[in-house]
Amino acid sequence: MEVLKQRILQEGVVVSDQVLKLDGLLNHQVDPMLTMEMGREFAGRFADAGVTRVVTVESSGIAVAFATAYEMKVPLVFARRKKTLLADPDALCERVPSFTKGIVTDIMLSRQYISPDDKILFIDDIIANGDAARGLIKIIQRSGAELVGLGVVVEKSFQAGARTIREQGIRLESLVRIMSLSEGTIVFGD
């Protein structure tokens, strides 16, 4: 998506050769028009997959996942990172490290909102090392639902996450691929 590349160049902040801060687009502030355009793009790419639910991990993936679910006219379900007093005691859980937060958290998805009959499209904001993605994929697999694909807004191709997901035979579609952040420069791939 050319418009997304331009916005990343304008608003993205290269923190290091591993970290790109996208607070103005994805992680703190959300541009509704751009987000809906990203949702339309994912909906188009996965239109033939028979998706019955869109799933994401809170919180940065929710906006794009919502836009995708809206376009596909299916429910959005998000995995929680924090257990609450009202949490489903029988929730599907997986412990995952967070690359950007530098901590380990549990992600939880209620069995009430995912079933073996579902065809799941997993949407996320950024894939770097892929730990959270692999955790949610394990949850989806344990639920018995079929994962039809993973859509990510930004793939950091110089990190192993997307490659390891594809090696599992999972369809992964990226709106933008970043090949390098070396020397403070964002280098896009095809």
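Predicted model: local features only at pLDDT ≥ 70, side-chain atom pairs only at ≥ 80, totals over all residues.
**Exercise 1. Which residue just after α4 takes a positive phi?**

*Solution.* Begin with the helix itself. Helix α4 covers residues 62-72. Moving just past α4 brings you to Lys73, and its phi is positive, about 60°.

Now look back into the helix. Val64, Ala65, Ala67, Thr68, Ala69 and Met72 are buried in α4. The elements covering these buried residues include the helices α2 (23-27) and α3 (32-45). Strands also take part in the cover, among them β3 (53-57), β4 (76-79), β7 and β8.

**Exercise 2. Take the binding site positions in the UniProt record and describe the surroundings of Leu20 and Lys156.**

*Solution.* Step one is the record: the unreviewed UniProt entry places a "binding site" feature at Leu20, Asn27 and Lys156.

Step two is to locate two of these positions. Leu20 belongs to strand β2 (residues 20-21), while Lys156 is part of strand β8 (residues 146-156).

Step three is accessibility. Leu20 has a relative accessible area of 10%, so Leu20 is buried. The value for Lys156 is 6%, so Lys156 counts as buried too. Both conclusions rest on the cut-off for buried, which is under 20%.

Step four is contacts. Setting aside neighbours within four places in sequence, Leu20 touches Ile8, Gly12, Val13, Val14, Lys156, Ile178, Leu181 and Ile186. Notice that Lys156, another position of the recorded feature, is in this contact list. The side chain of Lys156 also reaches the backbone oxygen of Gln18, at 2.5 Å.

**Exercise 3. Work through the salt bridges Glu94 to Lys138 and Glu146 to Lys119, giving distance, location and accessibility for each.**

*Solution.* As background, side chains of opposite charge can pair when their charged atoms come close.

Start with Glu94 and Lys138, whose closest N and O atoms are 3.8 Å apart. This pair links distant parts of the chain: Glu94 sits in strand β5 (residues 92-98) and Lys138 in helix α5 (residues 131-143), 44 residues apart. For accessibility, Glu94 has 17% and so counts as buried. Lys138 has a relative accessible area of 43%, so Lys138 is partly exposed.

Next come Glu146 and Lys119, with closest N and O atoms 4.0 Å apart. Because Glu146 lies in strand β8 and Lys119 in strand β7 (residues 119-127), the bridge ties together parts that are 27 residues apart in sequence. Glu146 counts as partly exposed at 41% relative accessibility, and Lys119 counts as partly exposed at 32%.

**Exercise 4. Why are Glu167 and Arg163 separated by about one helical turn?**

*Solution.* Find the pair first: the side chains of Glu167 and Arg163 form a salt bridge, with 3.2 Å from N to O.

Then recall the geometry. An α-helix has 3.6 residues a turn, so residues three or four places apart point the same way.

Apply this here. Glu167 and Arg163 are four residues apart in helix α6 (residues 161-167), which means a separation of about one helical turn.

Finish with accessibility. Glu167 counts as exposed at 56%, whereas Arg163, with a relative accessible area of 45%, is partly exposed.

Elsewhere, salt bridges with shared partners connect Glu41, Arg45, Asp48, Arg171 and Glu173 into one network.

Methods
Residues numbered from 1 in each chain as written. Heavy atoms only, no water. UniProt positions renumbered as here; feature names shortened; annotations may be inferred. Helix = DSSP H or I, 4+ residues; strand = E, 2+ residues; numbered from the N terminus. Buried < 20%, exposed > 50% of the residue type's maximum accessible area, 1.4 Å probe, protein only. Contact = heavy atoms within 4.5 Å. Polar contact = N/O pair within 3.5 Å; in protein donor to acceptor, adjacent residues only side chain to side chain.
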